[in-house]
Amino acid sequence: MDEKYTFALRKIALIGGIDDYIAVSSRELGDALEMSQQSASKRILELLDNEYIVRDLGARKQRIKLTPLGIEALKKEYNEYKRIFELTGHVTVHGAVKDGMGEGGYYICQKGYVEQFEKKLGFKPFSGTLNVAIDKDDIGKLDVIKGTSGIPINGFTSEGRSFGEVIAYKAKIKNLDCAIVVPARSHYVDIIEIICPYHLRRTLSLNTDDRVDVKILI
C-alpha cells in the first residue's frame with residue numbers, strides 16, 4: 001500500500017475516524033497532512049476510489065470514516081512495526097533540532113518531576129529540553145511508541161498550581177542516556193522534547209536545524 005495513503009488513514013484515525021464518522025473539511029485535513037486544501041481534496045477522492053474510506057456529504061462539512069479495508073491497512077502497518085520493534089527492542093527516529101519556547105526548563109525543574117525522574121529514569125535532568133522535529137516519514141513510529149506503556153511520571157500540585165501527568169520513554173542520542181517526555185493527555189505532535197543529565201546542545205555541539213537520530217527504548 002502506498003505510504004501516502006497509510007499516512008492519511010493514520011491521521012484520520014487519530015482524529016476519531018476509525019470508530020465513527022468525523023466532520024472534517026478539506027482545509028482541516030490538509031493542515032493535518034501538511035498539504036494544501038486542493039491536495040487534501042484529491043487525497044480524499046483517492047481514498048474513496050480505493051474504498052479505504054466512506055463519505056457522507058453534509059450541509060457544511062463532509063463526514064468521513066475508515067472502512068474495514070482502511071482499518072485492515074493500518075493494522076498491517078502496525079503489525080509490521082510491531083515485528084520490527086519486538087526484534088530490536090528499540091526504534092530510531094530521525095529529525096532536526098528546533099528552538100523551543102523556553103518553557104520546558106520551567107516544568108522540568110519542578111521538584112515533583114525531578115524527584116520522579118531521578119527515581120524512575122536514574123538521572124537528574126539538566127534544566128531544559130532539546131526539541132526535535134521528527135521527519136514526516138517517522139511520525140508513524142511515534143504513534144506506535146505512544147501505544148506502549150512508557151514510564152508514568154505522576155502529576156502533582158505545587159504552590160496552588162497543578163502539573164499534569166507525563167509519560168517518559170528512555171532513549172539515547174549518540175550513546176548518551178536521555179528520555180522523551182510527553183504530556184499524558186497530549187494529542188498528535190511531530191516535535192518531541194528530550195531531557196538528559198547534560199546540556200545536549202553544548203555536549204554534542206548541536207545547532208538549530210542540525211540532524212539527530214534518537215534511539216527510543218521500548
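**View 1. The hairpin of β9 and β10, with 2 residues between the strands, contains K174 at a positive phi near 50°.** The model shown is predicted, and for that reason local features need pLDDT of at least 70 and side-chain atom pairs count only at pLDDT 80 or more, whereas totals for chains, interfaces and linings use all residues. Residues are numbered from 1 along each chain as its sequence is written, and side-chain values use heavy atoms, with hydrogens and water left out. Strands (E, at least two residues) and helices (H or I, at least four) are DSSP runs numbered from the N terminus, and two strands pair if DSSP finds at least two bridges between them. Strand β9 (residues 166–173) pairs with β10 in the antiparallel sense over 8 bridges, and K170 has A179 of β10 as its bridge partner. Strand β10 (residues 176–183) is mostly covered, with 6 of its 8 residues buried, where buried means under 20% relative accessible area, exposed over 50% and partly exposed in between (1.4 Å probe, protein chains only). Strand β11 (residues 191–195) runs antiparallel to β10 and is joined to it by 3 bridges; here V181 stands opposite E193 of β11.

**View 2. An open sheet of 3 strands has the order β1-β3-β2, with antiparallel pairing.** Because β1 (22–23) and β2 (53–57) stand at the edges, each with a single partner strand, one side of each is left without a neighbour in the sheet. Strand β3 (residues 62–66) is antiparallel to β2 and joined to it by 5 bridges, and R55 stands opposite I64 in β3. Helix α3 (residues 37–49) packs on the sheet, where it touches β2 and β3, and its direction makes about 120° with that of β2; contact means heavy atoms within 4.5 Å, while axes are lines fitted to C-alpha atoms, for helices over the stretch in contact, and angles run from 0 to 180 degrees between N-to-C directions.

**View 3. Helix α1 (residues 3–17) packs against α3 at an angle of about 100°, with the axes 11 Å apart.** The angle makes α1 roughly perpendicular to α3, a term that covers 65 to 115 degrees, whereas angles under 35 count as roughly parallel, over 145 as roughly antiparallel and the rest as oblique. The contact is made by K4, Y5, A8, L9 and I12 on the α1 side and by R43, E46 and L47 on the α3 side. By class, the contact of α1 with α3 has 5 nonpolar, no polar and 3 charged residues, with Ala, Val, Leu, Ile, Met, Phe, Trp, Tyr, Cys and Pro counted as nonpolar, Asp, Glu, Lys and Arg as charged, and the others, Gly among them, as polar.

**View 4. T67 lies in the loop between β3 and α4 (68–88).** T67 is buried, with a relative accessible area of 9%. Not counting residues up to four places away in sequence, T67 touches E51, Y52, I53 and V54.

**View 5. F163 is found in strand β8 (residues 161–163).** F163 counts as buried, at 4% relative accessibility. Leaving aside residues up to four places away in sequence, F163 touches Y106, Y107, Q110, Y113, G155, F156 and S158. The C-alpha atoms of F163 and I192, which are 29 residues apart along the chain, are separated by 19 Å.

**View 6. Helix α6 (residues 111–121) has Y113, V114, Q116, F117 and L121 buried.** G122 follows α6 and has a positive phi, near 85°.
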